Amino acid sequence: MNQPDSAVDRLLADESGRRPRADARRNVERLVAAARIAVAEVGVGVSAHEIARRAGVGVGTFYRRIPSLDVLLETVLDEVLDEIADLADHALDDPDPWHGLCTFATAYVRLRTESCGISEALGGACGDALDQRLTGLREQIRRLVERAQAAGVMRSDVTWQDVPFLFAAAATGAHTLGMQAGEQQWERNLHIVLDGLRPTRADSLPGTPPGRSLPH
C-alpha cells in the first residue's frame with residue numbers, strides 16, 4: 001500500500017513540480033501543526049486568525065501559503081482519517097479478530113474523546129467534503145465486526161451499523177449531571193461497551209438498526 005502524502009505535501013503540491021522554498025515549507029509545517037491542535041481543542045469552527053496565532057505567523061502569511069481555511073481544515077482532517085484507516089487496516093490484519101476489533105476501538109474512541117474536531121467531522125459536521133473518507137471507514141468497521149462475528153467472538157444480533165454509535169457513545173465529555181468524569185472515563189465506557197458485545201444469552205435488542213441519513 002502506498003503511503004499517502006502528508007498534509008504539508010498536499011498543501012505544497014505545485015503542478016509545475018518546483019520545489020518550495022525552505023521558509024515556505026516551514027510556515028506550512030507550522031500552520032498544519034497549529035491547525036491539528038486547534039481542531040482538537042476548538043473544533044472545525046476554528047478561525048484562520050486563531051490558527052495563524054498558534055503557528056506564530058501573521059494572517060497574511062496564512063493566506064499566502066494556504067489556499068483557504070476550508071482547504072487547510074479538510075486537508076488536516078483527511079490526514080487524520082488516513083491515520084484512522086491505517087489503524088483499521090492493521091486491526092484487520094490481526095490474526096485474532098476480537099483483539100483486532102478491540103485495538104481499533106481503543107484508538108478510535110481515544111481520538112474521538114481527545115479531538116473535538118475529529119468527533120465533529122465523524123459526526124458529519126464537514127458536510128460532503130469528507131464523504132469518501134467516511135464511506136471507507138464504514139466499510140472497514142463493517143469488515144471488523146463481521147470478521148469477529150464469523151469467528152463467534154461477538155454477539156450476532158448486533159449489526160455493524162450499531163457499532164459506530166456504540167463507539168461514539170463511549171467517547172465522553174468532562175461533565176454530566178454535575179459530576180466530573182474520571183481521567184480514564186472513556187476507557188471505562190468502552191470496556192463496558194466491549195463487554196456488552198461479547199456473546200451472551202441477552203434479550204433481543206429493541207428497535208431497528210441504524211441507517212444512512214436521508215438528504216434534507
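A residue counts as buried when its relative accessible area is under 20%. That cut-off is a handy starting point for this structure, which is a predicted model.

The overall layout comes first. The protein chain contains 10 helices and two strands. Read from the N terminus, the elements follow the order α-α-α-α-α-α-α-α-α-β-β-α. Contacts across the sequence are also worth a look: among those in the protein chain with a separation of 6 or more, 66% are accounted for by residues 24 or more positions apart.

Helix α5 packs against helix α6 (residues 97–114) at an angle of about 165 degrees, and the two axes are 8 Å apart. Angles over 145 degrees count as roughly antiparallel, so α5 is roughly antiparallel to α6. The crossing of these two helices is right-handed. On the α5 side, the contact is made by Val80, Ile84, Leu87, Ala88 and Ala91, while α6 contributes Gly100, Phe104, Ala107, Tyr108 and Leu111. Sorted by class, the residues of this contact are nine nonpolar, one polar and no charged.

The crossing of α5 past α8 is left-handed. From α5, the residues Asp78, Leu81, Asp82, Ile84, Ala85, Ala88, Asp89, Ala91, Leu92 and Asp93 meet Arg133, Leu137, Gln140, Arg143, Leu144 and Arg147 of α8. The classes in this contact are eight nonpolar, one polar and seven charged residues.

Aspartate 78 sits in helix α5. Its relative accessible area is 17%, so aspartate 78 is buried. Once neighbours within four places in sequence are set aside, aspartate 78 is in contact with Arg10, Leu130 and Arg133.

Helix α2 (residues 22–41) and helix α3 (residues 48–55) cross at roughly 120 degrees, and their axes come within 8 Å. The two helices are therefore oblique to each other, and α2 passes α3 in a right-handed crossing. In this contact, Arg30, Leu31, Ala34, Ala35, Ile37, Ala38 and Glu41 of α2 meet Ile51, Ala52, Arg54 and Ala55 of α3. By class, eight of the residues are nonpolar, none is polar and three are charged.

Attention now turns to the aromatic rings. The structure holds three aromatic pairs. In one of them, the ring centres of phenylalanine 104 and tyrosine 108 are 5.4 Å apart and the ring planes stand at 25 degrees, so this pair is stacked. Phenylalanine 104 and tyrosine 108 are four residues apart in helix α6, which means that about one helical turn separates them. Both of these residues are buried.

Tyrosine 108 also pairs with phenylalanine 167. Their ring centres are 6.1 Å apart and their planes lie at 55 degrees, so the pair is tilted. This pair links distant parts of the chain, with tyrosine 108 in helix α6 and phenylalanine 167 in helix α9 (residues 162–170), 59 residues apart. Tyrosine 108 and phenylalanine 167 are both buried. Together, Phe104, Tyr108 and Phe167 form one aromatic cluster.

Valine 109 is placed in helix α6 and is buried, with a relative accessible area of 0%. Which residues touch valine 109, leaving aside its neighbours within four places in sequence? The contacts are with Phe167, Ala170, Ala171, Trp186 and Leu190; of these, Phe167 is also part of the aromatic cluster. Valine 109 can be compared with leucine 166 as well: the two are 57 residues apart in sequence, while their C-alpha atoms are 9.8 Å apart in space.

How values were computed: Residues are numbered from 1 along each chain as its sequence is written. This is a predicted model: local features need pLDDT of at least 70, side-chain atom pairs count only at pLDDT 80 or more; totals for chains, interfaces and linings use all residues. Side-chain values use heavy atoms; hydrogens and water are left out. Axes are lines fitted to C-alpha atoms, for helices over the stretch in contact, and angles run from 0 to 180 degrees between N-to-C directions. Angles under 35 degrees count as roughly parallel, over 145 as roughly antiparallel, 65 to 115 as roughly perpendicular and the rest as oblique. A crossing is left-handed if the near helix is turned anticlockwise from the far one by less than a right angle, and right-handed if clockwise. Contact means heavy atoms within 4.5 Å. Ala, Val, Leu, Ile, Met, Phe, Trp, Tyr, Cys and Pro count as nonpolar, Asp, Glu, Lys and Arg as charged, and the others, Gly among them, as polar. Rings of Phe, Tyr and Trp (its six-membered ring) pair if their centres lie within 6.5 Å; planes under 30 degrees apart count as stacked, over 60 as edge-to-face and the rest as tilted. Buried means under 20% relative accessible area, exposed over 50%, partly exposed in between (1.4 Å probe, protein chains only).
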